[in-house]
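Hi,

Here is the structure I promised to pass on.

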Amino acid sequence: METMEAITAISEKPIRQSQSLCSGEQEYVHKRKQVVLESLSSLGINCTADSVPHITLLASGGGQRSAVGLMGSLYQMEKDGLLDSLLYLGGVSGSTWSMSSLYNDPQWSTSMDKAVSRLSGPGVELQEALAWLGERAKEEYFSLSDIWGVLTSAGIMKQMDMRHLSDEASRNATNPYPIYSAIEKHCFSNGPTEGKWFEVSPHEAGFTDLGYFIETSLLGSKFENGELLEKKPEMDMIKLQGVLGSAVAHEDTIRGLIPPWFNVSGHLDGAAEDYLRVYSALEKLVALTRSTIKDPEALSDLDKLQKILGDKLKHNESAWQEPEGSDQRQSVFLQSSEELLASVETWSESLKDGAFKTYVSLLTKKVLPKIITWEWGTTRNFLYQYQDSVVPTCLCSNETFHLIDAGLMINAAYPSFLGGKRDIDLIIAPEYSAGTMFETLTFARDYAAEMQKPFPEIDDRILEERDWPKDCYVFEGKENEASIVYMPLFNRRNCKDAEEVKAKMEEFSTFQGPFSQEKLKFVLETAKANMKNNKETLLGQIHKAVLHRRNKS
């Protein structure tokens with residue numbers, strides 16, 4: 001715990017209310033513009049210091065597909081000399097996994113080879129993941145985001161990054177300035193739009209549209225009525241990765257995973273949803289745990305558990321279809337959940353002593369209760385009891401809030417980059433999302449209309465190409481609107497028809513275990529090719545962004 005003198009030294013007013021950039025970001029961006037200016041000069045683009053365009057790459061979410069896809073896109077941009085034209089890099093969901101991995105290296109944008117090679121590396125030993133998880137499990141607000149963070153870090157990104165995001169605040173401007181995005185779970189479900197989008201940068205964390213921010217190092221500290229009561233340790237990048245990429249935290253994601261026979265009465269009731277949460281979370285834990293283990297005996301034990309889970313699901317199928325009343329269904333599903341958890345307990349007791357059993361024991365004691373309560377992203381709320389009518393009740397009435405995957409709202413970080421605050425000229429938007437093509441764009445357009453932020457016009461006729469899109473679309477902005485270069489991962493250039501696009505999205509689906517080496521390479525090469533094939537379009541739009549900036553100034 002910090003002394004009162006240290007707390008006072010942090011800031012007389014620890015909560016900043018503003019729609020302007022904080023001084024730390026302003027300073028970084030000012031330095032980064034010199035890097036951008038030199039980059040444009042090397043590309044043969046005439047630009048002066050006062051007309052350096054504000055260009056951001058907004059990587060969509062999409063689980064491991066987006067994490068690997070972003071690596072490929074940035075790799076090719078570096079090879080083509082385009083990476084240093086970026087002032088900002090914004091991510092949501094799976095793309096934040098690769099962002100957090102990249103920024104572990106202060107010089108990453110000068111050599112993408114190292115970052116790409118790590119994806120195929122040896123990974124993390126179970127003992128290292130276990131040590132981290134054991135420490136987190138002692139904390140007051142341990143949640144499923146901690147589990148998700150360690151498994152995606154160790155199993156997918158192949159590293160345990162224990163630094164803090166605020167450590168980057170003092171770096172030079174070698175890399176684009178990073179903005180990570182989340183949403184607040186309860187506001188997302190029940191509150192006003194202003195209280196939903198949450199952004200985290202090396203300098204500040206807070207609610208984008210409300211304009212309430214604290215220093216990033218204070219995220220998770222104890223506040224009341226705008227006062228900092230107790231400074232707590234900042235979450236590390238492993239936990240942050242779990243918070244930012246936790247699409248499974250929201251019930252709507254679980255609904256998308258429902259077997260048809262679950263939906264007996266034509267709608268999913270709470271009883272079925274509770275069971276499905278337990279089953280899906282266990283299944284994903286098994287898949288991700290497998291990626292941190294090399295011991296053949298432990299892998300064999302995991303195979304047995306996977307079979308137990310599958311057998312339980314099949315065994316209960318007929319029982320679920322019989323009861324018609326909601327009370328009866330509730331009872332049957334509750335019993336099924338208890339049986340499922342009991343079978344995991346029995347399985348865990350049969351394991352031989354060692355690191356794997358220790359890990360499983362931690363899961364059964366600490367994680368299974370969180371699966372039952374479905375607790376994700378629990379963070380101390382810096383707006384607790386804050387006295388301002390602008391702050392929605394859903395944000396100021398509880399000591400904690402719950403930060404989850406922003407892709408559930410808009411699967412790219414448009415809210416942080418629209419409008420005058422960052423005043424963007426050009427958005428490069430590689431699209432790795434599952435679901436309906438162009439949905440990220442139309443959701444962003446609807447958000448912009450509601451929040452009265454500028455957004456370029458989208459011709460709705462283009463939406464007819466959603467099943468078999470082109471590899472690149474340009475939506476040109478007028479006046480204060482940013483232009484958008486939108487680049488679908490699977491498209492007409494690399495898929496012969498709509499059926500192949502659909503097949504590729506299924507093969508590289510969002511919710512699956514870590515990719516094989518073959519799948520990794522395929523997504524990397526596909527993303528690289530998309531960037532390479534559209535280099536001239538990007539250069540043309542970068543040149544127009546310079547003119548756009550010049551006209552503004």
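Gly226 sits in the loop that joins strand S8 (222-224) to strand S9 (227-230). Keep in mind that this is a predicted model. Gly226 has a relative accessibility of 11%. Buried means under 20%, so Gly226 counts as buried. Which residues is Gly226 in contact with, leaving aside its neighbours within four places in sequence? They are Pro14, Ile15 and Tyr386. Lys13 is worth a look too. Lys13 and Gly226 are 213 residues apart along the chain, yet their C-alpha atoms are separated by 7.7 Å.

Next, helix H5, residues 112-119. Met112, Ala115, Val116 and Leu119 are buried there. These four cover an arc of only 95° around the axis, so they lie on the same side of H5. What covers the buried residues of H5? Helix H3 (63-79), helix H4 (94-102) and helix H19 (517-533) are among the elements that do.

Last, the second largest pocket. Its volume is about 340 Å³. It is lined by 15 residues, and the closest to its centre are Glu139, Pro233, Met235, Lys239 and Arg380. Strand S10 (residues 378-380) gives the most to the lining, with 3 residues. By type, the lining divides into 8 charged, 4 nonpolar and 3 polar residues.

Best wishes

Key: Residues numbered from 1 in each chain as written. Predicted model: local features only at pLDDT ≥ 70, side-chain atom pairs only at ≥ 80, totals over all residues. Heavy atoms only, no water. 1 Å grid on protein atoms, 1.4 Å probe; cavity = no way out; pocket = protein on both sides within 12 Å on 5 of 7 lines; lining within 4 Å. Points joined across faces, edges and corners; volume = space filled by probe spheres on them. Helix = DSSP H or I, 4+ residues; strand = E, 2+ residues; numbered from the N terminus. Nonpolar A, V, L, I, M, F, W, Y, C, P; charged D, E, K, R; others polar. Buried < 20%, exposed > 50% of the residue type's maximum accessible area, 1.4 Å probe, protein only. Contact = heavy atoms within 4.5 Å. Arc of directions from axis to C-beta.
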